[in-house]
Amino acid sequence: MRVGFVFGLLLAAGVALADDPVAGVDAKVILDECERVAQRCRFTVLETSQSGGGLQATVVPAAEAVEGMAAFFAAIDVFPVRLLQDSGLNKVAFCTQVKMGGVQLGGLNYDKTMYVKLPIRLSSVYHQLYYLLDNPPVNPEWTSLNRTGFLYSGSEVQAANFARGRDARQAKAALDDEKLAKDFVQPYAMSSELEDRACTFEAMMANPAAFAAAAKESTVLKKKGDFIRRRVARVTPTMNKAFWDSIDDTTEESRLEDFCKRAVQNNELRQKMKPPVIGGYKKVKAPAGK
C-alpha cells in the first residue's frame, strides 16, 4: 500500500481537502496505527515541549495532533522500514513553533529528534529526513555538478556564519539567469550545498512527476537526481530503481487515504485478535551482493 503529495501543499496553504480521509476515522484508531508504525521504525513521539541549546519547541500532545500525525506517517509510509530504522531517528515531535537561536523554522533535526511544524507540509518531512541520511556540509562530487563559477549564497540561518557579500550577490544575481535557475528545484536550494541536496530529495519524493519533467530541462538537475539516488541507496539498498518507480503514480491524497484505510483495517483485526497488516512500502529485494 502506498500514500501521497497534494495534501501537504494544501495544508501549507490553509486549504482543506473536500474529502478528508482523516475526518472519517476515529482519532484513537489513527493514533494506534501511528504508534504501531513508530515502534516498527524504532522511534517514539514526544509529548512535551523542549528547550535548551538554543532550541525552543512548543510540542503538541499526540491526541491534539491527529491530522498532523496522520499526514506525517502517510508521508513516511512509502519508505522501506529499514530506511527509518537505519536513519538514526529516535524521536519525532509535532510542534506549533520551532526556533533555533531565536530563528523561526519550518522544521528541524536536532539531537536525533525531528521537530515537525504544524500544519504538516509533506515536503518539509522529506526535507528534514534527508539530513539524517546525508549531512556532510561539503561534498566535492555534488559541487562539481553545478555550472562553473556558481557559488552558494548562504541561507538566512547560515548567513551570519559563512555568507560573504560578493558570493551572496553573485548567487542572487544567478536567480535572474533562467538557464541557471533550471539547475535548482527552487531558489532556496541555491543557499547552500546541503540545502540543495535536501531540496532535491524533497522534490523527488514530494512530486516525482514534476521533478522528472524539470530534469529533462536541465542536465545538471538530472545529474543531481542521479546523485541522490546513489546516496540513499548506499544507506538502504532497497531504495533502488524499483523504489523510485513505485512512487511515480502516488499522490499525497492517495498516501493519506491508504494510511487511514490500513488504520481502520488493523483496528478491526486487533478486535478479532488477528495480526495487523504491515502495509506501507512493498518490500523490494536488494541488488545482489548488497
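This is a predicted model: local features need pLDDT of at least 70, side-chain atom pairs count only at pLDDT 80 or more; totals for chains, interfaces and linings use all residues.
Contact is taken here to mean heavy atoms within 4.5 Å.

Helix α2 spans residues 27-41. Its 15 residues reach 21 Å from the first C-alpha to the last, close to the 21 Å expected at 1.5 Å a residue. Buried positions in α2 are Val29, Ile30, Leu31, Glu33, Cys34, Arg36, Val37, Ala38 and Cys41. The elements that cover these buried residues include α3 (66-76), α4 (81-86) and α14 (252-271). At the N-terminal end, α2 is capped by Asp26, a side-chain oxygen of which lies 2.9 Å from the backbone nitrogen of Lys28. Just after α2 comes Arg42, with a positive phi of about 70°. Arg42 belongs to the loop between α2 and β1 (44-45), and its relative accessibility of 58% means that it counts as exposed.

Helix α14, one of the elements covering α2, has 20 residues and reaches 29 Å from its first C-alpha to its last, close to the 28 Å expected at 1.5 Å a residue. Within α14, the buried residues are Glu252, Arg255, Leu256, Asp258, Phe259, Cys260, Arg262, Ala263, Asn266 and Leu269. Met273 follows α14 and has a positive phi, near 60°.

Leaving aside residues up to four places away in sequence, Phe73 touches Cys34, Val37, Ala38, Phe43, Val45, Phe94 and Phe259.

Aromatic rings were considered as pairs. A pair of aromatic rings is described by the distance of the centres and the angle of the planes. The structure holds 15 aromatic pairs. In one of them, the ring centres of Phe72 and Phe73 are 5.4 Å apart and the planes stand at 85°, so the pair is edge-to-face. Phe72 and Phe73 are both buried. The rings of Tyr130 and Phe201 have centres 5.2 Å apart and planes at 35°, so this pair is tilted. It links distant parts of the chain, with Tyr130 in helix α5 (residues 122-133) and Phe201 in helix α10 (residues 193-206), 71 residues apart. Tyr130 and Phe201 are likewise buried.

Lys224 is placed over the face of Phe184, at 3.8 Å from the ring centre.

The backbone was examined last. Most residues other than glycine have a negative phi, and most peptide bonds are trans. Lys112, although not a glycine, has a positive phi of about 65° and is found in the loop between β6 (107-110) and β7. A cis peptide bond joins Leu118 and Pro119, with omega about -5°. Pro119 is located in the loop between β7 (113-117) and α5.

Methods
Residues are numbered from 1 along each chain as its sequence is written. Side-chain values use heavy atoms; hydrogens and water are left out. Rings of Phe, Tyr and Trp (its six-membered ring) pair if their centres lie within 6.5 Å; planes under 30 degrees apart count as stacked, over 60 as edge-to-face and the rest as tilted. Buried means under 20% relative accessible area, exposed over 50%, partly exposed in between (1.4 Å probe, protein chains only). Helices (H or I, at least four residues) and strands (E, at least two) are DSSP runs, numbered from the N terminus. A charge sits over a ring if NZ of Lys or CZ of Arg is within 6 Å of the ring centre and within 35 degrees of the ring normal. The expected span of a helix is 1.5 Å times one less than its number of residues. A polar contact is a pair of N or O atoms within 3.5 Å; within protein, one must be able to donate a hydrogen and the other to accept it, and residues adjacent in sequence count only if both atoms are side-chain atoms.
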